[in-house]
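Welcome, and please open your viewer.

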Amino acid sequence: LCEKPRKREDAAESARAFYGADADAGDLLSVMREVCRGRDLSLDELCRRTGYPYARVSALVMRLESDGFIETDLLQRCNLSFRGR
């Protein structure tokens, strides 16, 4: 895991390489792109931006967070992880 902040473009490229052949890659990358474009995005805002239902966005966010790409705060706002891949 890297310890220093990274550029938003680098984060998106890392996610693209990591999820390459994954069945959910397209959806994961859509959410990742939106997180890269904004700061403190709520799950509701991600639903609006991606067009995915809340349950889908929640599952994708949980996966991106567990894989170290994003972080969510107590209010479920999403940001890039600075400790991630």
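Here is what to select at each stop.

This is a predicted model, in which local features need pLDDT of at least 70, side-chain atom pairs count only at pLDDT 80 or more, and totals for chains, interfaces and linings use all residues. Residues are numbered from 1 along each chain as its sequence is written, and side-chain values use heavy atoms, leaving out hydrogens and water.

**Whole chain.** Colour by secondary structure and you will find four helices and two strands, in the order α-α-α-α-β-β along the sequence. Helices (H or I, at least four residues) and strands (E, at least two) are DSSP runs, numbered from the N terminus. Of the 85 residues, 40% are buried, meaning under 20% relative accessible area with a 1.4 Å probe, protein chains only.

**Helix 2.** Now select residues 25-37: these 13 residues reach 18 Å from first C-alpha to last, close to the 18 Å expected at 1.5 Å a residue (that is, 1.5 Å times one less than the number of residues). Show side chains for the buried ones, among them Leu28, Leu29, Met32 and Cys36.

**Helix 2 against helix 3.** Which residues of helix 2 and helix 3 make the contact? Select Ser30, Val31, Glu34, Val35 and Arg37 of helix 2 with Leu46, Arg49 and Thr50 of helix 3; contact means heavy atoms within 4.5 Å.

Definitions and conventions. Buried < 20%, exposed > 50% of the residue type's maximum accessible area, 1.4 Å probe, protein only.
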